[in-house]
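Colleague: I have a new model open and want to talk it through. Can you walk me through what stands out?

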Amino acid sequence: MDTVRFGMIGAGSVTEVKSAPALNKVPGSALVRVMRRDPGKLADYARRHGITQFSTRVEDILTDPDINAVYIATPPDSHAHYTLLAAKQGKAVYVEKPMARTVEEAQTMVDACHQAGVPLFVAYYRRELPRFLKAKELIDSGALGQLRSFQYHYACPVPGTDPDRPWLLLREAAGGGLLYDIGSHMIDTLIFLLGQPLEAVGRSANQSQARQTDDVTSALMRFESGAQGSLQLSFNADTKEDRLWLSGSRGSLTFSIMGQEPLRFEHNGQTETIDVPTPEHVQQPLITRVVNTLLGKDSLDGTGASPLQTQQILEALDNSGTWVWDGAARR
């Protein structure tokens with residue numbers, strides 16, 4: 001293909017700034033049609049974003065021969081359904097995170113795209129943001145020495161109902177609540193920075209009973225590199241905190257996963273603050289790699305193997321269980 005022509009299924013708040021504008025700004029990419037079930041909201045969205053082709057029927061995207069890639073930006077309960085339909089039509093898939101509600105659904109997505117010979121990408125965009133690339137550069141360069149341990153602590157109050165995403169904390173619609181919604185970014189980021197995980201052991205509970213989904217998760221993780229550490233995710237706290245601490249034999253690195261604060265690099269008794277700007281459209285760096293891969297100019301993994309592994313870990317933690325790497329789903 002000489003141009004990646006996207007059809008977008010779903011046009012909610014996540015697409016307003018984070019992703020949809022980038023589909024037209026990345027060279028070799030174009031957003032040609034958008035679908036949303038609510039006709040009034042769809043027409044308003046299309047007008048504001050300058051999209052001339054729009055429809056309330058998903059079939060109009062799936063059967064359009066001019067569209068060769070589908071961006072699925074719907075709630076998680078339809079990710080697998082639309083991925084299978086897009087793969088059947090031979091269209092590349094770029095789907096929002098979390099990949100699905102369950103490992104079983106995620107596996108069907110991987111299998112369908114493999115059988116159809118189309119790539120499957122999941123929107124874990126932090127892997128391509130400059131601040132995380134800088135953190136990985138410090139780790140991989142040996143600036144921290146041998147990476148040995150980590151601690152990640154995230155806390156926030158019990159969330160209220162989001163009018164833009166009323167489905168977020170309903171198990172039948174979203175799976176595991178905030179653990180799946182933002183926790184998926186956290187697990188994927190750790191895998192990106194620390195490499196292949198070997199084991200994850202978790203305990204989750206619904207302490208506040210405010211929603212259907214669990215609101216606290218504690219976990220231990222070990223990595224092939226030798227690093228090991230803990231996660232404490234408290235979605236029911238009085239205060240907010242977001243702090244990842246990576247400790248090596250020569251230094252340490254501290255920063256947030258969900259925020260945009262500068263990196264704090266401590267080594268040789270000194271502290272260095274590294275401020276790395278975040279782009280306006282946070283998915284644009286990842287979308288650039290997706291587009292370039294589809295155009296044959298890059299080699300971003302499109303097997304879905306790593307997002308599937310993240311889904312496996314999330315499900316194990318949510319079920320207060322253990323995940324052990326079987327050697328098959330290497331990044």
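Predicted model: local features only at pLDDT ≥ 70, side-chain atom pairs only at ≥ 80, totals over all residues.

Colleague: Let's start with rings. How many aromatic pairs does the structure hold?

Modeller: The structure holds 4 aromatic pairs. Rings of Phe, Tyr and Trp (its six-membered ring) pair if their centres lie within 6.5 Å; planes under 30 degrees apart count as stacked, over 60 as edge-to-face and the rest as tilted.

Colleague: What kind of pair do Phe150 and Phe223 make?

Modeller: The planes of Phe150 and Phe223 stand at 75° and the ring centres are 5.9 Å apart, so the pair is edge-to-face. Helices (H or I, at least four residues) and strands (E, at least two) are DSSP runs, numbered from the N terminus.

Colleague: Are Phe150 and Phe223 buried or exposed?

Modeller: Phe150 and Phe223 are both buried. Buried means under 20% relative accessible area, exposed over 50%, partly exposed in between (1.4 Å probe, protein chains only).

Colleague: And Tyr154 with Phe235, what is that pair called?

Modeller: That pair is tilted, because the planes of Tyr154 and Phe235 are at 55°, with the ring centres 6.0 Å apart. Tyr154 is in strand β7, while Phe235 is in the loop between β10 (228-234) and β11 (241-248). Tyr154 counts as buried at 13% relative accessibility. Phe235 is buried too, at 2%.

Colleague: Good. Now the whole chain. How many helices and strands are there?

Modeller: The protein chain has 12 helices and 15 strands. Its C-alpha trace spans about 60 × 45 × 40 Å along the principal axes.

Colleague: What does the radius of gyration say?

Modeller: It is 20 Å for the protein chain, which agrees with the value near 20 Å for a compact globule of 331 residues. The radius is taken over C-alpha atoms, and the globule rule is 2.2 Å times the number of residues to the power 0.38.

Colleague: What share of the residues is buried?

Modeller: Buried residues make up 54% of the 331.

Colleague: And which share of the contacts joins residues 24 or more positions apart?

Modeller: Such residues account for 70% of the contacts with a separation of 6 or more. Contact means heavy atoms within 4.5 Å.

Colleague: New topic. Where is the cis peptide bond?

Modeller: A cis peptide bond joins Lys97 and Pro98, with omega about -10°. Pro98 lies in the loop between β5 (92-95) and α6 (103-116).

Colleague: What does Gln311 touch?

Modeller: Gln311 is in contact with Pro98, among others. Its partners also include Met99, Arg101 and Tyr180, leaving aside neighbours within four places in sequence. Gln311 belongs to helix α12. It is buried, with a relative accessible area of 0%.

Colleague: Let's do Thr189. Where does it lie, and what does it touch?

Modeller: Thr189 lies in helix α10 (residues 183-194). Not counting residues up to four places away in sequence, Thr189 touches Arg126, Phe132 and Ile257. Thr189 counts as buried, at 2% relative accessibility.

Colleague: What about Ser320?

Modeller: Ser320 is not a glycine, yet its phi is positive, at about 55°. Ser320 is found in the loop between α12 (305-318) and β15 (322-324). Its relative accessible area is 28%, so Ser320 is partly exposed.

Conventions: Residues numbered from 1 in each chain as written. Heavy atoms only, no water.
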